[in-house]
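Here are some friendly notes to read alongside the structure. Please keep the 3D view open and look up each residue as you go.

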Protein chains: 2
Amino acid sequence: MRSHQPRNGVVDTPSPGPRFQPPFHSTVSVQKLRRVNLIMLAFRFGAFCFSLAAAIFMFSNSSGSPSWHEFGAFRFVAVASGIVAAYSLFEVGASVWEIARATTVFPEAIQVWFDFGHDQVFAYMSLSAGAAGAAFARTLRSSGTCTDNNAFCIQSYISIGLGFAGFVFLGLSSLLSGYRVVCFAIYGSRYPL
Amino acid sequence: MRSHQPRNGVVDTPSPGPRFQPPFHSTVSVQKLRRVNLIMLAFRFGAFCFSLAAAIFMFSNSSGSPSWHEFGAFRFVAVASGIVAAYSLFEVGASVWEIARATTVFPEAIQVWFDFGHDQVFAYMSLSAGAAGAAFARTLRSSGTCTDNNAFCIQSYISIGLGFAGFVFLGLSSLLSGYRVVCFAIYGSRYPL
(Lines give C-alpha, C1' and ligand atoms only; values in the text may rest on other atoms or scores of the structure.)
Protein backbone atom coordinates (compact mmCIF):
# COMPACT_ATOMS: atom_id res chain seq x y z
CA MET A 1 0.00 0.00 0.00
CA ARG A 2 2.98 2.33 0.55
CA SER A 3 3.76 2.27 -3.22
CA HIS A 4 0.59 4.33 -3.90
CA GLN A 5 1.97 7.29 -1.93
CA PRO A 6 2.99 10.31 -4.04
CA ARG A 7 6.75 10.23 -4.50
CA ASN A 8 7.20 13.76 -5.78
CA GLY A 9 7.03 15.41 -2.34
CA VAL A 10 3.52 16.86 -2.88
CA VAL A 11 1.61 15.39 0.07
CA ASP A 12 -1.55 16.62 1.79
CA THR A 13 -0.79 18.21 5.17
CA PRO A 14 -3.14 16.81 7.83
CA SER A 15 -5.90 19.23 8.80
CA PRO A 16 -5.47 20.48 12.41
CA GLY A 17 -7.98 19.06 14.91
CA PRO A 18 -10.34 21.16 17.05
CA ARG A 19 -8.42 23.38 19.43
CA PHE A 20 -10.26 22.46 22.69
CA GLN A 21 -10.71 18.73 22.51
CA PRO A 22 -12.59 17.26 25.53
CA PRO A 23 -10.79 14.33 27.22
CA PHE A 24 -11.85 11.00 25.77
CA HIS A 25 -14.17 8.94 28.02
CA SER A 26 -15.74 5.74 26.74
CA THR A 27 -19.49 5.38 27.33
CA VAL A 28 -18.95 2.37 29.63
CA SER A 29 -16.49 4.33 31.82
CA VAL A 30 -18.82 7.32 32.11
CA GLN A 31 -21.68 5.01 33.12
CA LYS A 32 -19.45 3.33 35.75
CA LEU A 33 -18.37 6.72 37.17
CA ARG A 34 -22.01 7.82 37.29
CA ARG A 35 -22.96 4.61 39.13
CA VAL A 36 -20.20 5.06 41.77
CA ASN A 37 -21.28 8.68 42.26
CA LEU A 38 -24.91 7.61 42.71
CA ILE A 39 -23.94 4.92 45.28
CA MET A 40 -21.91 7.56 47.15
CA LEU A 41 -24.92 9.91 47.07
CA ALA A 42 -27.18 7.13 48.41
CA PHE A 43 -24.78 6.42 51.32
CA ARG A 44 -24.53 10.14 52.13
CA PHE A 45 -28.29 10.51 52.01
CA GLY A 46 -28.74 7.47 54.29
CA ALA A 47 -26.26 8.89 56.80
CA PHE A 48 -28.06 12.24 56.69
CA CYS A 49 -31.55 10.76 57.21
CA PHE A 50 -30.60 8.47 60.09
CA SER A 51 -28.44 11.06 61.88
CA LEU A 52 -31.10 13.75 61.54
CA ALA A 53 -33.75 11.36 62.88
CA ALA A 54 -31.43 10.42 65.79
CA ALA A 55 -30.81 14.08 66.60
CA ILE A 56 -34.54 14.97 66.44
CA PHE A 57 -35.51 11.99 68.60
CA MET A 58 -32.93 12.92 71.23
CA PHE A 59 -33.50 16.71 71.18
CA SER A 60 -37.28 16.21 71.59
CA ASN A 61 -36.83 13.71 74.44
CA SER A 62 -37.87 15.95 77.32
CA SER A 63 -41.61 15.44 77.78
CA GLY A 64 -41.53 14.09 81.34
CA SER A 65 -39.40 14.76 84.40
CA PRO A 66 -35.99 13.53 83.12
CA SER A 67 -34.74 15.46 80.09
CA TRP A 68 -31.98 14.52 77.63
CA HIS A 69 -29.81 17.50 78.59
CA GLU A 70 -29.53 16.31 82.20
CA PHE A 71 -27.35 13.37 81.11
CA GLY A 72 -23.89 13.84 79.55
CA ALA A 73 -24.07 10.71 77.40
CA PHE A 74 -27.40 11.75 75.85
CA ARG A 75 -26.06 15.26 75.22
CA PHE A 76 -23.13 13.61 73.40
CA VAL A 77 -25.55 11.52 71.26
CA ALA A 78 -27.70 14.55 70.40
CA VAL A 79 -24.80 16.85 69.48
CA ALA A 80 -22.83 14.17 67.59
CA SER A 81 -25.92 13.18 65.57
CA GLY A 82 -26.58 16.83 64.77
CA ILE A 83 -22.99 17.37 63.59
CA VAL A 84 -23.05 14.22 61.44
CA ALA A 85 -26.41 15.28 59.95
CA ALA A 86 -25.07 18.75 59.06
CA TYR A 87 -21.89 17.30 57.54
CA SER A 88 -23.87 14.68 55.58
CA LEU A 89 -26.21 17.36 54.23
CA PHE A 90 -23.18 19.31 52.97
CA GLU A 91 -21.78 16.13 51.39
CA VAL A 92 -25.13 15.34 49.73
CA GLY A 93 -24.98 18.80 48.17
CA ALA A 94 -21.37 18.22 47.09
CA SER A 95 -22.34 14.85 45.53
CA VAL A 96 -25.27 16.37 43.63
CA TRP A 97 -22.99 19.18 42.40
CA GLU A 98 -20.43 16.58 41.28
CA ILE A 99 -23.04 14.50 39.40
CA ALA A 100 -24.57 17.58 37.76
CA ARG A 101 -21.37 19.41 36.78
CA ALA A 102 -18.86 16.49 36.63
CA THR A 103 -16.44 18.46 38.82
CA THR A 104 -15.80 18.76 42.56
CA VAL A 105 -16.77 21.74 44.75
CA PHE A 106 -13.21 22.29 46.03
CA PRO A 107 -10.12 21.49 43.92
CA GLU A 108 -9.94 17.72 43.48
CA ALA A 109 -6.87 17.09 45.71
CA ILE A 110 -8.45 19.04 48.59
CA GLN A 111 -11.89 17.49 48.06
CA VAL A 112 -10.80 13.83 48.24
CA TRP A 113 -8.72 14.38 51.40
CA PHE A 114 -11.42 16.60 52.98
CA ASP A 115 -14.06 13.90 52.41
CA PHE A 116 -11.91 11.03 53.66
CA GLY A 117 -10.57 12.87 56.73
CA HIS A 118 -13.98 14.11 57.86
CA ASP A 119 -15.61 10.71 57.19
CA GLN A 120 -13.04 9.01 59.42
CA VAL A 121 -13.22 11.54 62.27
CA PHE A 122 -17.02 11.75 62.27
CA ALA A 123 -17.37 7.95 62.03
CA TYR A 124 -15.22 7.56 65.16
CA MET A 125 -17.21 10.33 66.90
CA SER A 126 -20.56 8.81 65.90
CA LEU A 127 -19.56 5.33 67.09
CA SER A 128 -18.28 6.56 70.45
CA ALA A 129 -21.46 8.61 70.97
CA GLY A 130 -23.55 5.51 70.24
CA ALA A 131 -21.47 3.36 72.61
CA ALA A 132 -21.60 5.94 75.41
CA GLY A 133 -25.36 6.39 74.90
CA ALA A 134 -26.00 2.64 74.90
CA ALA A 135 -23.96 2.14 78.07
CA PHE A 136 -25.85 4.94 79.81
CA ALA A 137 -29.25 3.69 78.59
CA ARG A 138 -28.49 0.28 80.12
CA THR A 139 -27.68 2.00 83.42
CA LEU A 140 -30.94 3.95 83.33
CA ARG A 141 -32.91 0.75 82.83
CA SER A 142 -31.21 -0.95 85.78
CA SER A 143 -31.98 2.05 87.98
CA GLY A 144 -35.64 2.96 88.54
CA THR A 145 -35.89 5.67 85.86
CA CYS A 146 -37.47 3.52 83.15
CA THR A 147 -40.25 2.20 85.36
CA ASP A 148 -41.23 5.79 86.27
CA ASN A 149 -41.08 7.14 82.69
CA ASN A 150 -40.84 4.35 80.14
CA ALA A 151 -41.48 6.61 77.09
CA PHE A 152 -38.27 8.54 77.86
CA CYS A 153 -36.18 5.35 77.81
CA ILE A 154 -37.81 3.97 74.63
CA GLN A 155 -37.25 7.26 72.81
CA SER A 156 -33.59 7.18 73.91
CA TYR A 157 -33.15 3.61 72.60
CA ILE A 158 -34.66 4.60 69.23
CA SER A 159 -32.38 7.64 68.98
CA ILE A 160 -29.27 5.58 69.81
CA GLY A 161 -30.27 2.88 67.29
CA LEU A 162 -30.79 5.49 64.58
CA GLY A 163 -27.37 6.95 65.45
CA PHE A 164 -25.76 3.51 64.93
CA ALA A 165 -27.52 3.22 61.54
CA GLY A 166 -26.11 6.64 60.63
CA PHE A 167 -22.64 5.39 61.65
CA VAL A 168 -23.00 2.37 59.32
CA PHE A 169 -23.81 4.59 56.32
CA LEU A 170 -21.00 7.00 57.27
CA GLY A 171 -18.59 4.04 57.48
CA LEU A 172 -19.65 2.89 53.99
CA SER A 173 -19.11 6.44 52.68
CA SER A 174 -15.70 6.40 54.35
CA LEU A 175 -14.78 3.19 52.47
CA LEU A 176 -15.72 4.78 49.13
CA SER A 177 -13.94 8.06 49.90
CA GLY A 178 -10.86 6.06 50.94
CA TYR A 179 -11.04 4.32 47.55
CA ARG A 180 -11.16 7.76 45.87
CA VAL A 181 -8.10 8.93 47.83
CA VAL A 182 -6.16 5.82 46.75
CA CYS A 183 -7.24 6.27 43.10
CA PHE A 184 -6.24 9.93 43.27
CA ALA A 185 -2.83 8.99 44.74
CA ILE A 186 -2.21 6.35 42.07
CA TYR A 187 -3.74 7.81 38.89
CA GLY A 188 -3.98 11.54 39.69
CA SER A 189 -7.76 11.33 39.33
CA ARG A 190 -10.45 10.34 41.85
CA TYR A 191 -11.86 7.83 39.36
CA PRO A 192 -9.50 5.91 37.05
CA LEU A 193 -11.06 6.03 33.56
CA MET B 1 36.39 3.36 21.78
CA ARG B 2 34.47 1.00 19.51
CA SER B 3 37.54 0.82 17.14
CA HIS B 4 39.46 -1.17 19.80
CA GLN B 5 36.96 -4.02 19.61
CA PRO B 6 38.25 -7.17 17.89
CA ARG B 7 36.88 -7.29 14.32
CA ASN B 8 37.61 -10.91 13.53
CA GLY B 9 34.58 -12.27 15.37
CA VAL B 10 36.58 -13.65 18.30
CA VAL B 11 34.91 -11.87 21.27
CA ASP B 12 34.75 -12.93 24.90
CA THR B 13 31.32 -14.30 25.84
CA PRO B 14 30.08 -12.64 29.05
CA SER B 15 30.37 -14.90 32.06
CA PRO B 16 26.96 -15.89 33.46
CA GLY B 17 26.04 -14.17 36.76
CA PRO B 18 25.17 -15.98 39.99
CA ARG B 19 21.98 -17.98 39.56
CA PHE B 20 20.09 -16.65 42.62
CA GLN B 21 20.78 -12.94 42.59
CA PRO B 22 19.25 -11.05 45.55
CA PRO B 23 17.10 -8.04 44.52
CA PHE B 24 19.07 -4.81 44.49
CA HIS B 25 18.35 -2.48 47.44
CA SER B 26 20.35 0.69 47.97
CA THR B 27 21.71 1.26 51.47
CA VAL B 28 19.52 4.38 51.97
CA SER B 29 16.34 2.46 51.04
CA VAL B 30 17.17 -0.42 53.37
CA GLN B 31 17.78 2.05 56.21
CA LYS B 32 14.43 3.77 55.48
CA LEU B 33 12.60 0.43 55.45
CA ARG B 34 14.25 -0.53 58.72
CA ARG B 35 13.20 2.79 60.27
CA VAL B 36 9.54 2.38 59.20
CA ASN B 37 9.56 -1.18 60.57
CA LEU B 38 10.99 0.03 63.88
CA ILE B 39 8.35 2.81 64.16
CA MET B 40 5.65 0.20 63.47
CA LEU B 41 7.14 -2.05 66.16
CA ALA B 42 7.15 0.88 68.63
CA PHE B 43 3.45 1.63 67.96
CA ARG B 44 2.54 -2.04 68.33
CA PHE B 45 4.49 -2.29 71.57
CA GLY B 46 2.80 0.87 72.90
CA ALA B 47 -0.65 -0.53 72.06
CA PHE B 48 0.28 -3.81 73.76
CA CYS B 49 1.56 -2.20 76.97
CA PHE B 50 -1.36 0.21 77.44
CA SER B 51 -4.04 -2.39 76.57
CA LEU B 52 -2.49 -4.99 78.85
CA ALA B 53 -2.29 -2.45 81.69
CA ALA B 54 -5.96 -1.45 81.05
CA ALA B 55 -7.05 -5.10 81.10
CA ILE B 56 -5.10 -5.87 84.30
CA PHE B 57 -6.43 -2.74 86.05
CA MET B 58 -10.01 -3.65 85.15
CA PHE B 59 -9.78 -7.40 85.82
CA SER B 60 -8.27 -6.77 89.27
CA ASN B 61 -10.91 -4.15 90.14
CA SER B 62 -12.98 -6.21 92.58
CA SER B 63 -11.52 -5.57 96.02
CA GLY B 64 -14.61 -4.08 97.61
CA SER B 65 -18.35 -4.64 97.31
CA PRO B 66 -18.89 -3.57 93.66
CA SER B 67 -16.93 -5.68 91.18
CA TRP B 68 -16.10 -4.97 87.54
CA HIS B 69 -18.08 -7.98 86.26
CA GLU B 70 -21.32 -6.64 87.72
CA PHE B 71 -21.38 -3.83 85.11
CA GLY B 72 -21.74 -4.48 81.38
CA ALA B 73 -19.70 -1.43 80.33
CA PHE B 74 -16.74 -2.44 82.53
CA ARG B 75 -16.93 -6.04 81.23
CA PHE B 76 -16.73 -4.55 77.71
CA VAL B 77 -13.64 -2.49 78.67
CA ALA B 78 -11.91 -5.49 80.28
CA VAL B 79 -12.59 -7.93 77.41
CA ALA B 80 -11.85 -5.40 74.63
CA SER B 81 -8.54 -4.40 76.28
CA GLY B 82 -7.61 -8.07 76.67
CA ILE B 83 -8.36 -8.79 72.99
CA VAL B 84 -6.38 -5.73 71.84
CA ALA B 85 -3.45 -6.74 74.08
CA ALA B 86 -3.42 -10.30 72.65
CA TYR B 87 -3.63 -9.04 69.07
CA SER B 88 -0.89 -6.45 69.69
CA LEU B 89 1.37 -9.10 71.21
CA PHE B 90 0.93 -11.21 68.06
CA GLU B 91 1.69 -8.17 65.89
CA VAL B 92 4.80 -7.33 67.96
CA GLY B 93 5.99 -10.87 67.24
CA ALA B 94 5.18 -10.47 63.53
CA SER B 95 7.09 -7.14 63.43
CA VAL B 96 10.15 -8.64 65.13
CA TRP B 97 10.01 -11.60 62.71
CA GLU B 98 9.82 -9.14 59.78
CA ILE B 99 12.78 -7.06 61.02
CA ALA B 100 14.88 -10.16 61.71
CA ARG B 101 14.11 -12.16 58.54
CA ALA B 102 13.08 -9.34 56.12
CA THR B 103 9.93 -11.29 55.20
CA THR B 104 6.36 -11.42 56.50
CA VAL B 105 4.85 -14.25 58.58
CA PHE B 106 1.96 -14.86 56.14
CA PRO B 107 2.30 -14.28 52.38
CA GLU B 108 2.68 -10.53 51.79
CA ALA B 109 -0.76 -9.93 50.20
CA ILE B 110 -2.52 -11.68 53.10
CA GLN B 111 -0.32 -10.03 55.74
CA VAL B 112 -0.94 -6.40 54.67
CA TRP B 113 -4.72 -6.88 54.46
CA PHE B 114 -4.81 -8.92 57.70
CA ASP B 115 -2.94 -6.17 59.55
CA PHE B 116 -5.02 -3.30 58.17
CA GLY B 117 -8.40 -5.02 58.60
CA HIS B 118 -7.73 -6.10 62.18
CA ASP B 119 -6.27 -2.70 63.08
CA GLN B 120 -9.43 -0.97 61.86
CA VAL B 121 -11.88 -3.35 63.54
CA PHE B 122 -10.02 -3.43 66.86
CA ALA B 123 -9.55 0.36 66.84
CA TYR B 124 -13.32 0.82 66.50
CA MET B 125 -13.91 -1.79 69.22
CA SER B 126 -11.35 -0.20 71.55
CA LEU B 127 -12.81 3.29 71.09
CA SER B 128 -16.39 2.18 71.69
CA ALA B 129 -15.33 0.26 74.81
CA GLY B 130 -13.59 3.39 76.10
CA ALA B 131 -16.62 5.58 75.35
CA ALA B 132 -19.06 3.13 76.97
CA GLY B 133 -16.78 2.77 80.01
CA ALA B 134 -16.37 6.54 80.38
CA ALA B 135 -20.13 7.14 80.13
CA PHE B 136 -20.77 4.48 82.76
CA ALA B 137 -18.01 5.77 85.07
CA ARG B 138 -19.63 9.24 84.98
CA THR B 139 -22.94 7.66 85.99
CA LEU B 140 -21.32 5.80 88.87
CA ARG B 141 -19.82 9.05 90.17
CA SER B 142 -23.20 10.83 90.04
CA SER B 143 -24.81 7.95 91.94
CA GLY B 144 -23.53 7.23 95.45
CA THR B 145 -21.14 4.39 94.51
CA CYS B 146 -17.94 6.46 94.43
CA THR B 147 -18.48 7.99 97.87
CA ASP B 148 -18.87 4.49 99.34
CA ASN B 149 -15.87 2.95 97.54
CA ASN B 150 -13.69 5.60 95.95
CA ALA B 151 -10.79 3.22 95.12
CA PHE B 152 -13.06 1.23 92.79
CA CYS B 153 -13.96 4.35 90.79
CA ILE B 154 -10.37 5.61 90.57
CA GLN B 155 -9.14 2.22 89.39
CA SER B 156 -11.88 2.25 86.73
CA TYR B 157 -10.87 5.72 85.51
CA ILE B 158 -7.22 4.63 85.23
CA SER B 159 -8.20 1.51 83.29
CA ILE B 160 -10.40 3.49 80.86
CA GLY B 161 -7.67 6.10 80.38
CA LEU B 162 -5.10 3.39 79.64
CA GLY B 163 -7.58 1.86 77.17
CA PHE B 164 -7.84 5.21 75.34
CA ALA B 165 -4.01 5.40 75.18
CA GLY B 166 -4.00 1.90 73.69
CA PHE B 167 -6.55 3.08 71.11
CA VAL B 168 -4.28 6.00 70.12
CA PHE B 169 -1.32 3.66 69.48
CA LEU B 170 -3.59 1.19 67.63
CA GLY B 171 -4.89 4.08 65.47
CA LEU B 172 -1.30 5.11 64.62
CA SER B 173 -0.51 1.48 63.69
CA SER B 174 -3.64 1.47 61.55
CA LEU B 175 -2.38 4.56 59.66
CA LEU B 176 0.95 2.84 58.92
CA SER B 177 -0.68 -0.47 57.92
CA GLY B 178 -3.06 1.48 55.65
CA TYR B 179 0.03 3.06 54.04
CA ARG B 180 1.46 -0.44 53.51
CA VAL B 181 -1.79 -1.62 51.86
CA VAL B 182 -1.73 1.36 49.47
CA CYS B 183 1.96 0.77 48.66
CA PHE B 184 1.22 -2.91 48.05
CA ALA B 185 -1.72 -2.03 45.78
CA ILE B 186 0.37 0.47 43.78
CA TYR B 187 3.83 -1.11 43.61
CA GLY B 188 3.16 -4.77 44.44
CA SER B 189 5.37 -4.45 47.53
CA ARG B 190 4.53 -3.25 51.05
CA TYR B 191 7.45 -0.80 50.91
CA PRO B 192 8.32 0.93 47.62
CA LEU B 193 12.11 0.67 47.23
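**Notes on disulfides, helices and loops**

1. The link of A:Cys146 and A:Cys153 is left-handed, with -90° about the S-S bond.

2. A word on the basis of these notes. This is a predicted model, where local features need pLDDT of at least 70 and side-chain atom pairs count only at pLDDT 80 or more, while totals for chains, interfaces and linings use all residues. Residues are numbered from 1 along each chain as its sequence is written, chains are lettered from A and ligands numbered from 1 in the order in which they are written, and side-chain values use heavy atoms, leaving out hydrogens and water.

3. How many disulfides does the structure hold over all chains? There are two. In chain B, a disulfide joins B:Cys146 to B:Cys153, with 1.9 Å from S to S. The torsion about this S-S bond is about -90°, so the disulfide of B:Cys146 and B:Cys153 is left-handed. B:Cys146 and B:Cys153 are buried.

4. B:Cys183 is in no disulfide, and its nearest cysteine sulfur, that of A:Cys183, is 15 Å away. Is B:Cys183 buried or exposed? B:Cys183 has a relative accessible area of 5%, so it counts as buried. A:Cys49, in turn, is partly exposed at 35%.

5. Now for a pair of helices (helices are DSSP runs of H or I with at least four residues, strands are E runs of at least two, and both are numbered from the N terminus). In chain A, the axes of helix H3 (residues 108-142) and helix H5 (residues 150-187) come within 8 Å and cross at roughly 155° (axes are lines fitted to C-alpha atoms, for helices over the stretch in contact, and angles run from 0 to 180 degrees between N-to-C directions). That makes H3(A) roughly antiparallel to H5(A) (the cut-off is over 145 degrees; under 35 is roughly parallel, 65 to 115 roughly perpendicular, and the rest oblique).

6. Helix H5 of chain B (residues 150-187) has 38 residues, and at 1.5 Å a residue it should span 56 Å, which agrees with its end C-alpha atoms being 56 Å apart (the expected span is 1.5 Å times one less than the number of residues). Just after H5(B), B:Gly188 takes a positive phi of about 75°.

7. B:Glu91 lies in helix H2 (residues 72-101) and is buried, with a relative accessible area of 2%. B:Thr27 is in helix H1 (residues 27-59) and counts as exposed at 60% relative accessibility. B:Thr27 and B:Ser128 are 101 residues apart in sequence and 43 Å apart in space, C-alpha to C-alpha.

8. Finally, look at the loops. A:Ala102 has a positive phi of about 60° although it is not a glycine. A:Ala102 lies in the loop between H2 and H3 of chain A and is exposed at 64% relative accessible area. B:Ala102 has a positive phi near 60°, sits in the loop between H2 and H3 of chain B, and is exposed at 63%.

Definitions and conventions
A disulfide is a pair of cysteine sulfur atoms within 2.5 Å. Buried means under 20% relative accessible area, exposed over 50%, partly exposed in between (1.4 Å probe, protein chains only).
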